[in-house]
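Q: I am new to this structure. Can we go through its features one at a time?

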Amino acid sequence: MTQNLARTAGELRAAGHLPRGVKTEIRENLLAALREGRNPWPGIVGFDRTVLPQLERALLAGHDVVLLGERGQGKTRLLRTIVSLLDEWTPVIEGSELGEHPLDPITPESRRRAAELGDDLPVVWRHRDERYAEKLATPDTSVGDLVGDVDPVKVAEGRSLGDPETIHYGMLPRAHRGIIAINELPDLAERIQVSLLNVMEERDIQVRGYTLRLPLDVLLVATANPEDYTNRGRIITPLKDRFGAEVRTHYPLEIDAEVDLVRQEADLVAEVGDHLLEIIARFVRHLRESSSIDQRSGVSARFAVAAAETVAASALRRSALIGESPAIARPIDLESVPDVLRGKLEFEAGEEGREDEVLVHLLRRSIADTARARLAGLNLRALAEVVSDGHPVATGDRVHAGDLLAALPELPILHEVAARMGAGPKDPVGRIASAVELALESLYLTRHLSKDTSSDDDRSVYG
């Protein structure tokens with residue numbers, strides 16, 4: 001794709017190419033996307049009217065940004081999406097350590113090469129994906145990792161210790177003309193955070209007292225958890241002051257947004273209907289509002305994704321056990337979620353020993369809420385009377401969808417229930433059985449039916 005582009009500094013200059021800063025580049029590309037009605041944030045769900053407008057204003061202003069929010073709110077995903085606002089290809093000096101622009105070299109070596117070769121300075125083109133660097137802040141991160149240090153190998157080659165070319169550059173200089181992201185910024189030791197001050201304000205670096213000034217061109221973005229300010233660490237005040245914008249993220253505010261997020265991110269090995277994803281979304285919402293859950297830790301969006309994947313896996317296991325095809329999840333598969341994912345949650349100290357009770361209660365509330373929303377206006381009395389009058393219905397890990405439906409006589413209400421869940425008469429029986437089972441579970445939760453569970457064969461019988 002770059003074969004017709006300039007290969008030397010002279011060709012680049014003749015083509016009228018002018019260097020521009022990375023923040024200007026992002027600003028112009030973001031404005032172009034907004035004017036053309038293109039979505040500059042593909043894959044970002046639930047932030048359209050809250051986080052994204054704030055982030056867009058920060059980028060248009062040319063500010064370095066810190067995203068502040070609880071775990072699992074998509075902060076890192078959002079930072080990585082900024083890469084799409086860079087030019088797809090950009091020219092760099094061939095062989096340059098910092099990816100400098102051929103018409104604007106900044107290191108002593110590149111300036112010397114530019115002076116010697118002039119218009120013949122070789123040019124290569126770098127893709128925007130190579131202009132994004134990410135560092136997870138850990139307590140063992142050093143100044144050398146971020147900024148740079150003296151390279152003993154270069155000194156051993158005979159160069160003077162004061163020679164700037166003996167420096168091994170860290171991640172920040174190597175992100176020149178690009179984006180550097182630091183995840184969990186408060187985890188950096190305070191003395192390491194100090195090394196970022198010059199980069200963010202004066203836009204240069206200092207390495208062990210060398211008289212070296214590199215006018216770096218970087219966009220620095222970072223993430224932090226609000227609790228980190230007081231618990232694990234803090235962002236030192238001078239560094240906070242240098243970030244032009246602090247943007248608060250949040251969990252999806254709407255059930256539909258949570259469902260869209262799960263559908264987008266989950267790797268489902270079986271079919272999971274939207275009504276089951278809605279139950280999971282409501283379950284996660286109830287967990288985030290529960291006084292039994294430590295809300296300082298939060299309930300990550302990854303919990304919802306893992307829950308959907310667990311439900312799909314349960315359906316796939318059933319299909320293997322009884323030969324049911326295709327594998328389609330039913331409400332019975334939701335019972336696997338509390339047991340498998342309990343360890344992903346932090347409970348309040350007073351809830352010790354009640355964890356399972358809390359999760360089962362909130363899951364049942366989520367099922368009831370979803371059934372109430374999706375079956376509103378339907379009279380399920382006919383279904384309840386048929387089951388009560390001698391047509392018990394069994395479900396479980398070893399109950400085929402066809403057997404579940406065969407236990408019931410032909411009823412018009414069953415077709416209406418299936419239609420509310422998006423299932424038609426020509427759909428696989430698994431989809432129809434999933435809808436009917438939700439209606440049965442709703443009748444049980446509202447005390448119109450009983451439900452007996454046998455530990456011997458893992459069967460539940462509505463009667």
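A: Start with the names. Helices (H or I, at least four residues) and strands (E, at least two) are DSSP runs, numbered from the N terminus. This is a predicted model: local features need pLDDT of at least 70, side-chain atom pairs count only at pLDDT 80 or more, and totals for chains, interfaces and linings use all residues. Residues are numbered from 1 along each chain as its sequence is written, and side-chain values use heavy atoms, leaving out hydrogens and water.

Q: Which helices supply at least two residues each to the lining of the second largest pocket?
A: First, the idea. Rolling a probe the size of a water molecule over the atoms shows where empty space is left. On a 1 Å grid over the protein atoms alone, a pocket is an open set of points where a 1.4 Å probe fits, with protein on both sides within 12 Å along at least five of seven lines; lining residues have an atom within 4 Å of a point. Here, the helices are α4 (75–81), α12 (255–265) and α14. α4 gives the most, with five residues.

Q: How much space lies in the second largest pocket, and which residues lie nearest its centre?
A: A volume is the space filled by probe spheres set on the grid points, which are joined across faces, edges and corners. For this pocket that is about 530 Å³. Its lining has 27 residues, and Gly72, Gln73, Gly74, Lys75 and Arg77 lie nearest the centre.

Q: How does that lining divide by class?
A: Ala, Val, Leu, Ile, Met, Phe, Trp, Tyr, Cys and Pro count as nonpolar, Asp, Glu, Lys and Arg as charged, and the others, Gly among them, as polar. The lining of the second largest pocket has nine nonpolar, eleven polar and seven charged residues.

Q: What about the largest pocket?
A: The largest pocket holds about 660 Å³ of space. It is lined by 26 residues; Ile332, Leu334, Glu335, Ser336 and Lys451 are the closest to its centre. By class, its lining has nine nonpolar, five polar and twelve charged residues. α16 gives the most, with five.

Q: How is a sheet read, and in what order do the strands β10, β11 and β12 come?
A: Two strands pair if DSSP finds at least two bridges between them. The order is β10-β12-β11, an open sheet with antiparallel pairing. β10 (393–396) and β11 have a single partner strand each, so one side of each is left without a neighbour in the sheet. β11 and β12 share four bridges. Lys451 has Tyr462 of β12 as its bridge partner.

Q: What packs on this sheet?
A: Contact means heavy atoms within 4.5 Å. Angles run from 0 to 180 degrees between N-to-C directions, with axes fitted to C-alpha atoms, for helices over the stretch in contact. α20 touches β10, β11 and β12, and its direction makes about 70° with that of β12.

Q: How do α17 and α20 pack?
A: Helix α17 (residues 381–388) and helix α20 (residues 429–445) meet at about 80°, with axes 11 Å apart. Angles of 65 to 115 degrees count as roughly perpendicular, so α17 and α20 are roughly perpendicular to each other. Leu383, Ala384 and Val387 of α17 touch Ala439, Leu440 and Leu443 of α20. The contact has six nonpolar residues, no polar and no charged.

Q: Which strands form the parallel sheet?
A: Five strands form this open sheet, in the order β4-β7-β8-β1-β9. β4 (132–136) and β9 (245–248) are its edge strands.

Conventions. Parallel < 35°, antiparallel > 145°, perpendicular 65-115°, else oblique.
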